[in-house]
Amino acid sequence: MVKHIVFWKLRDDCDKDDATRQIAGVLQPLVGVVPGLLRAEVRRIYEGDFDTVLYSELTDRAAAQAYQTHPAHVKAKETVHSFAVGRAAGDYEV
């Protein structure tokens with residue numbers, strides 16, 4: 001299993017709670033659409049340098065790689081990119 005975690009810094013001129021809800025609204029429904037994506041959870045961060053986090057689980061490295069270019073994920077990233085001004089991410093296997 002691969003755990004994929006992404007942190008985003010959101011634009012200062014947006015409502016960060018609403019932006020997080022919109023990001024969750026496009027990423028969380030990808031479970032069951034993107035093969036190998038088992039879990040996707042988006043939450044607002046209450047402390048730190050970032051505003052929003054995605055915690056996701058994928059079956060394996062191949063699924064994690066395919067997720068990045070899956071058309072539904074590429075489309076969802078349009079919403080993310082409309083709010084995000086910074087990003088940090090990491091994947092690890094368990």
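Colleague: Leaving aside its neighbours within four places in sequence, which residues is Ala88 in contact with?

Modeller: In this model, which is a predicted one, Ala88 is in contact with Ile5, Val6, Phe7 and Phe50, once the neighbours within four places in sequence are set aside.

Colleague: And where does Ala88 sit, in which strand?

Modeller: Ala88 belongs to strand 4, which covers residues 84-93.

Colleague: Is Ala88 buried, exposed or partly exposed?

Modeller: Ala88 has a relative accessible area of 29%, and because buried means under 20% and exposed means over 50%, Ala88 counts as partly exposed.

Colleague: How far is Ala88 from His70 in space?

Modeller: The C-alpha atoms of Ala88 and His70 lie 20 Å apart, while the two residues are 18 apart in sequence.

Colleague: Switching to the whole chain, what order do the elements run in?

Modeller: Starting at the N terminus, the order is β-α-β-β-α-α-β, which comes to 3 helices and 4 strands for the protein chain.

Colleague: What about the radius of gyration, against a compact globule?

Modeller: The protein chain has a radius of gyration of 13 Å, which agrees with the value near 12 Å that a compact globule of 94 residues would have; along the principal axes, the C-alpha atoms fill a box of roughly 35 × 25 × 15 Å.

Terms used. Residues numbered from 1 in each chain as written. Predicted model: local features only at pLDDT ≥ 70, side-chain atom pairs only at ≥ 80, totals over all residues. Heavy atoms only, no water. Helix = DSSP H or I, 4+ residues; strand = E, 2+ residues; numbered from the N terminus. Rg over C-alpha atoms; globule rule 2.2 N^0.38 Å. Buried < 20%, exposed > 50% of the residue type's maximum accessible area, 1.4 Å probe, protein only. Contact = heavy atoms within 4.5 Å.
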